[in-house]
Amino acid sequence: MENGLISVDRWSDGSQVYFLTHLHSDHTKGLSSKWSKGPLFCSRLTAKLFPFKFPNFNLSLIRVLDIGFWHSISLVSPSSGSRKVIKVMAIDAHHCPGAVMLLFRGEFGCLLYTGDFRWEMSSERANKGRITLLNALGENTVDILYLDNTYCNPSHAFPSREIAAQQIVDIIASHPEHDIIIGIDSLGKEDLLLHISRMLKIKIWVWPERLLTMHLLGFNDRFTTKTNLTRVRAVPRYSFSIETLEGLNQMRPTVGIMPSGLPWVVRSHEGGDDIISGSLLTARYSRSKSNANGKLESVNRFHKYIFTVPYSDHACFSEIQEFIKLVRPTNIKGIVSSSCCYIEPLYYFGRLCGAKQPVKRFHRKQKRTERSERGVDVNFVKADKRQVMNGSNVGILSVRLGRVSALRRVQRGAHLVEGDCPD
C-alpha cells in the first residue's frame with residue numbers, strides 16, 4: 001500500500017484518514033479548530049471532549065471508534081484507483097479519559113500502536129484491555145509494535161497508581177493545618193483526585209475550565225471553584241513552582257504535591273533561587289529503593305514545601321516489559337524519540353521479539369520538556385523476503401515461537417515513516 005494513507009497523531013497533509021489516540025497536547029500538535037484534511041477517527045469519549053478542546057471544529061469529520069469492536073475502513077490506492085480495506089480496533093489504553101491503543105489489520109499484516117498507555121498488573125481495567133487485545137489478535141502476530149517508550153529505562157521503577165494515590169492521601173492527612181496544591185494537566189489524573197475526595201471526604205478546587213471538563217466526564221459533585229469550600233486545590237502544572245509555594249506560605253501554611261513519574265529535581269536558578277523542574281532532567285534520578293517491608297520508598301521531598309510522588313499515567317519499565325511479553329511482536333518502534341534517559345526499546349526487549357538487539361543509543365539532540373511530540377504516518381507494505389533475511393528494513397526478522405500457536409511463520413510486515421522524528 002502506498003505511502004501517506006494513514007496518519008496517527010500527526011496532522012499534516014497527505015493521508016486519507018487520520019487517527020487520534022487521545023487529547024493531550026503533544027498528540028494534537030498541528031490539529032486546530034480550522035483543521036479539515038480528512039476523516040478523524042477517535043474514541044467516543046474523545047469525540048465528546050473534542051469540541052471543548054477545539055471550538056468550532058467541523059464535527060462532521062469525526063468518526064467514532066467504539067472500544068473493543070472492529071471497524072472497516074475503505075481506502076483508495078492513489079496509483080491504481082483500487083480499493084483497499086483495513087480493519088482497526090480501539091482498545092482502552094488506561095492513560096487519560098478517551099485514550100486508546102489502535103490495532104490495525106489488513107493485507108499488510110498486523111500493527112499495534114499503543115499511544116500513551118499504562119496497564120498495571122494489578123488493574124482490573126487493564127486486565128480487560130489485555131483480554132480484548134488477545135482475543136482480537138487470535139492467531140495473528142503483531143508485526144510491529146509502536147510503543148509508548150516514555151519510561152523505557154530500568155531506572156524508572158515506580159508503584160501502581162493505586163499505591164501512589166494512597167501515598168498522596170497520607171501526605172494530605174499528615175498536614176491537617178495546611179492548604180494543599182496539586183499540579184495536574186488539563187486532562188488526566190481524574191482517578192487520583194476522585195480517590196483523594198472519597199478518602200478524605202472533601203471537595204477539591206479546580207480552575208473553571210477544568211471544572212467544565214469534570215462535568216463533561218460526569219464528575220459533578222466532588223469538584224468546586226469556590227476556595228472557601230476546601231483546603232485542597234488542583235492547579236495547572238505550569239503554575240506549580242517553588243516561587244508560588246513560597247508566596248502562598250506567606251499567607252497560610254501550604255504544601256505542594258507533584259504527581260508524576262518524571263524525575264523532578266531542584267536546581268539552582270540564576271540569582272540564587274531554587275526551581276523545581278521536570279524539563280531540566282538529569283541522570284541523578286535512580287531506581288526507587290525498597291524498605292524493610294518491601295514497599296517502594298518513592299515519596300521525595302526536594303523542597304520544604306514540595307513533595308513529589310511517582311503517580312504516572314505512563315507504563316514504567318517493568319510494565320513495558322510485561323506488555324511486550326504479552327504481545328510478543330516481531331519488531332518494536334518507540335513513539336517517543338527523545339526522553340530523559342532514552343534508549344532504543346529493542347536494546348532491552350529485542351530478545352523478547354526475535355529482533356537483533358542494537359547498541360545502546362542515547363538521544364540528546366533536543367531538550368525534553370514534559371513529553372516529546374508524537375505521531376506517525378503509517379504505511380503498510382508487504383515485506384520483501386531478501387530484506388527480511390538481511391534485516392535492512394523494518395519487517396519480519398525471524399521465525400519464532402508464537403504467543404498462541406506453537407510456531408507461526410510471519411509473512412508480512414509494517415513500515416513506518418516518522419517525518420522529522422529522529423530514529
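So, the open sheet: six strands in the order β5-β6-β7-β8-β9-β21, with mixed pairing. Strands here are DSSP E runs of at least two residues, helices are H or I runs of at least four, and both are numbered from the N terminus. Two strands pair if DSSP finds at least two bridges between them. The edges are β5 (70–76) and β21 (331–334), each pairing on one side only. From one strand to the next the twist averages 20°.

Before I go on: this is a predicted model, where local features need pLDDT of at least 70, side-chain atom pairs count only at pLDDT 80 or more, and totals for chains, interfaces and linings use all residues. Residues are numbered from 1 along each chain as its sequence is written, and side-chain values use heavy atoms, with hydrogens and water left out.

Back to the sheet. β8 (109–113) and β9 (144–147) run parallel, joined by three bridges, and Leu111 has Ile144 in β9 as its bridge partner. Helix α7 (317–327) packs on this sheet, touching β7 (100–106), β8, β9 and β21, and its direction makes about 160° with that of β9. Contact means heavy atoms within 4.5 Å. For the angles, axes are lines fitted to C-alpha atoms, for helices over the stretch in contact, and values run from 0 to 180 degrees between N-to-C directions. Then there's α8 (345–353), lying across β9 and β21 and running at about 160° to β21.

Next, some other strands. β3 (40–43) pairs in the parallel sense with β2 (17–19) over two bridges, and with β4 (62–65) over four bridges. Phe19 bridges to Phe41 in β3, while Leu40 bridges to Ile62 in β4. β3, α1 and β4 make a right-handed β-α-β unit: with the strands pointing away from you, the path from the first strand over the helix to the second runs clockwise.

Now α5 (208–216). Which of its residues are buried? Arg210, Leu211, Thr213 and Met214. Buried means under 20% relative accessible area, exposed over 50%, partly exposed in between, with a 1.4 Å probe and protein chains only. Down the axis of α5, the buried residues fall within an arc of 160°, so they line one face of the helix; that arc is taken from the directions from the axis to the C-beta atoms. Their cover includes α1 (44–53), β10 (179–184), α4 (190–200) and β12 (223–224). Just after α5, Gly218 takes a positive phi of about 90°.

Last, cysteines. How many disulfides are there? Zero, searching the whole structure, counting any pair of cysteine sulfur atoms within 2.5 Å. Cys316 is buried at 2% relative accessible area, and Cys353 is buried at 1%.
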